[in-house]
Amino acid sequence: MLPSFELLEPHSLDEALKMLATSEATPLAGGTNLLPDLRAHGRAGRRFISLAALDQLRGVEHKGNRVIMGGSTTLNDILRDPLMPKAAPSLVSMAKVFAGTMIRNAATIAGNICYGSPSADAIPPLLSVDAEVTLTSAAGERTLPLDSFLLGYKKTAHQPDELLKTVAWTIPAADSANLFYKLGRRRGDAITVVGVAVTVVIESGSCSKARIALGSVAPTVFRAKEAENILIGGPLTAATIDQAALTAAQASRPIDDIRASAEYRRHAVHMLVRRLLTQAWQTSGAKQHD
Amino acid sequence: MNRMENPLAGVKSEKFRQVGKPLIRTDSPTKVYGTAVYAGDLTMPGMLYAAVLHSERASALLRRVDTTRAKELPGVHCVLTAEDLPASQGVMTDMPGQTGGMTKNTKQPILAKDRVRFCGEPIALVAAESVAIAEQAIGLIDVDYQDIDGVYDPFDALAPGAPIVYGDDNVVASYKIRKGDIEKGFAEADVIVENTFTTQYQEQAFLEPEAALAWVDELEVLNIRSSTQVVEHYRAVADAIGLPHNRVRLRAEFVGGGFGGKEVMTIEVWLALLALASRRPVRLVQPRERSFLSHGPRHPFNITHRTGVTRDGKITALQISFTSDAGAYAKLSPYILLYATVGATGPYRVDNLHVDSVSAATNNLPACAFRGFGTMQANLACEGQMEEIAKTLGMDSMEVRRRNFIRTGDANATGQIIRSAVWSDQCATQALAALGKRPENSQTTRIGHGVACYQQSYGRILWMKDSSEAWVGVEMDGTVVVRSAVADIGGGQSSALAQITAEILGVPMKEVVVYFGDGAVTPLAGTSTASRALYMSGNATQMAATRVRENLLGCAGRHFSVEAEELDMNDSQVFVVGDPKRSMTINDCVKLCAAEGVHRHNLAIFKAPTSEGIDPETGQGEVFPDFTYGAHAAQVAVDIETGEVRVLQSIGAHDVGQAINLRAVEGQVEGSALMGQGFALCEELILEQGQLQTRSLSEYLIPTSEDVPKIKAIILESGSGLGPFGSKGIGEPVYAPVAASIANAVTDAIGVHIFELPITPEKIVKALRRKETVG
């Protein structure tokens, strides 16, 4: 049963930040993680701050080649944004398979990031486009790369008095590919077994930039940087791709749980990274020939 | 259509006006509009809310259960432990709803006393003024456990020196079949194929968890309104508490899914005790996490087949062993094992047969009834073995099946002669054909087609001596009432009775109201289990309606001076066939009856065939009234790199005898396709040392709407069933072959058989690796 809790309902961002500064409370957006947690093993009497009334935190702004997404933007908002398929293809692929429609209507991008779960589906795509997060508090704002925001298992740089205000990134270059795949035990409402996002940028027939971000295979979502480096500076041959995929698998630190074993997860990283890199190379290469 | 002689078909016409048509079910509008009332919606003035304390340990002594703090909490009216219970101390969990003798002592403590045998065993009950207070009180009960050695695997439980959970040796039940000459059969075989198949716990995962409301009324009758498949539990409640049977009234509300999980009593007796102790109405809706602990899931089975077969695919000998994990209490495990034993050979004729089956008690969750009731596990092994035999012989697996199908007039595993039509071949052929052409494989995707056939009984075990009563009457305005205590568990159980009655009395179906599910005021109909509701209550209703029709036509015949045989009824008119001018409305006909003092109603009882059991040494004898046959075919796509499986098509083809409501039959096929897909691919209750690891629906994975393949139902009608108008039971049968067809499709796709369900991506990857290594 859901234990009783206190819910503060600020009407403005300032009010919310004041509440966060003065009272020990957890920001509550869609509640799609916090409420099941509370029901499963929560204690009574916790305090939450509802972000429901803070409209300015929700929505996507496209400014030139920058995308600025409010923290309260829902997963289904991402699917409704007509520019998003160009702005972050992997994010759209992800949103399509994120839980199910009901959860997507409620779950927010900030919630998914700040909960800090290793299986947070929104994070691999955002890491693959080098997203930055802006945190705000009564004391001021700070911006840092998402990559350095993630610290460990359900551990982030988020401070108790802060709200994640925006996530922002630069639209990938034209001659690039940005892909995502979620491996789950069923198609709808699945907790991810392995999540992979990749970006490959091609310049003059060689790979100038690569991103490989992996979910559910380490204490936190992470970038397989050693594997990324293998790809830089040349064409992506089958051998290079396989070597990078294997390196990514080796960099994973998965656990055994009821969904899959660590051994399987490593294998799946190898297979999926190889597959996505191959596809990325082929599609971005195709764009070059256009 | 080849329609066989059916002595029970009461209506002269072969052509039905309403039966078989996809009419709107009587229960559909209220469910679609959201106005249907379920047990958890019920409220009463002064109602209290219950909560249950379940054991956190799988095997422990209860040194002390201290309820002092819980009782002191304001708002708590009543806290009950085993100390407070009546002397009987147990509730019967043998075959419910029966008057016949019990085969085993299957009493289970209502609340644990001195010892807990599984994690989840109920220890204490609370009734309080709110759910929150009741939950808080549960948290204030201090339980002092002392862990003792437990046993968590059925093979361990049967080994010498195992901790004893049940009886003297943990053997809950065992059966054997000795038929023909197995040595001779194996000697005649060209090859012998041996494989072991294992299945997992499956949770019913009904949308509606256990829910009920209980109170004592002004006549000192204990009332319970519940989500149950069995109205006759009122007797077990009365016996457990020490009340006379006529002082307990149980009403079955619309049920949001049962699948066997609401066959054995769940929460009713707890609420009865709380209502008696508090003298207030008390309601409980089990939270999902506790629902998992409040009914028995499907038994895990270990099944070995050793099959002797000739080069041309004829089975000459078959030796089968079954071991099932009963969990901590017997519940229905002996019967479920019997179903598996009878179903050991699937839809195949095997003249030389040995079966040895055993169900062992462990400190795991007590397993119980689940759609298929042991037959589907047996069937899964049978159908997997067909593929392995075919592979060994280099034959098409359908051809192997064809050479072994049981046929009308053949004896099944227990020597029972099959009297109804066996259309296994037609069903399998049509289902496979409906899959159409295989899509092309891609670099990493392999397409597979699979089929599975089955034999599944409908109706209860013959020595239960089953019967069902129904009452049909016509009101003075020509509208019709059916009274039957049948539990409507969502399969259209009550609606089918309306459709049958409408057909026989020639009134539109909307003119028929079915009052159902009341153990006190509607005639007892028996359980909505064992795919028997339509068979039994349909027949009783057909009998009652036919007699009412006879009475009405008798009066009309006298009025028109014709024989009753010359009359017919349709569109609420009674008329002389071929002479439409001589007709009257049903209202006028009913008034004639009333004036003549002729009954406008009838109470009928339908009695199923009976037997006195099977020979314990040979397992030979009649066990079931009849069987349903059919097939399911599946098309899957397997990702050979990640092991992911996508079911693309799922097609059920079944000889239903006669569809009563076509949409309802299709609904059963569609639901079974998803439930079987879950069993094949992703559903598994995982226990570690008796502790449930998959405690919620985010960990226990049933297929979602996103996982739904293209589903098709192909309905064949032999008219050979024992149900009304030649119908057969269909609720369980349609489910029986689904998982096997998907498993076989996966085998077809990847060229390697996975013998252990569920077929996870991980198992596929490992199997493919082994195949590569072995070459």
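B:Leu61 stands opposite B:Gln146, a residue in strand 8 of chain B. Strands here are DSSP runs of E with at least two residues, helices are runs of H or I with at least four, and both are numbered from the N terminus. This is a predicted model, in which local features need pLDDT of at least 70 and side-chain atom pairs count only at pLDDT 80 or more, while totals for chains, interfaces and linings use all residues. Residues are numbered from 1 along each chain as its sequence is written, and chains are lettered from A, with ligands numbered from 1, in the order in which they are written.

Let us stay with the sheet for a moment. Strand 2 (residues 60-66) of chain B pairs with strand 8 of chain B in the antiparallel sense, over six bridges; a pair requires that DSSP finds at least two bridges between the strands. The open sheet has three strands in the order 6-2-8 (chain B), with antiparallel pairing. Strand 6 (115-116) and strand 8 (142-147) of chain B are at the edges with a single partner strand each, so one side of each has no neighbour in the sheet.

Next come two helices, with an expected span of 1.5 Å times one less than the number of residues.

| Helix | Residues | Length | Reach, first to last C-alpha | Expected span |
|---|---|---|---|---|
| Helix 16 of chain B | 662-681 | 20 residues | 29 Å | 28 Å |
| Helix 11 of chain A | 238-251 | 14 residues | 20 Å | 20 Å |

Helix 16 of chain B is largely enclosed by the rest of the structure, because 14 of its 20 residues are buried. Buried means that 20 or more other C-beta atoms, placed from the backbone, lie within 10 Å of the residue's own. In helix 11 of chain A, the buried residues include A:Ile241, A:Ala244 and A:Thr247.

Now for the domains of chain B. An automatic or database assignment sets the bounds, giving domain 1 (28-36 + 467-607) and domain 2 (418-456 + 623-775) of chain B. Their C-alpha centres lie 37 Å apart. In domain 1 of chain B, 13 residues are in contact with 13 residues of domain 2 of chain B, contact meaning C-beta atoms, placed from the backbone, within 7 Å. Helix 14 of chain B provides the largest share of the domain 1 side, five residues.

Finally, the two chains meet: 22 residues of chain B and 21 residues of chain A take part in the contact. On the chain B side, helix 3 of chain B gives the most, with three residues.

Conventions
Buried ≥ 20, exposed ≤ 12 C-beta atoms within 10 Å, placed from the backbone.
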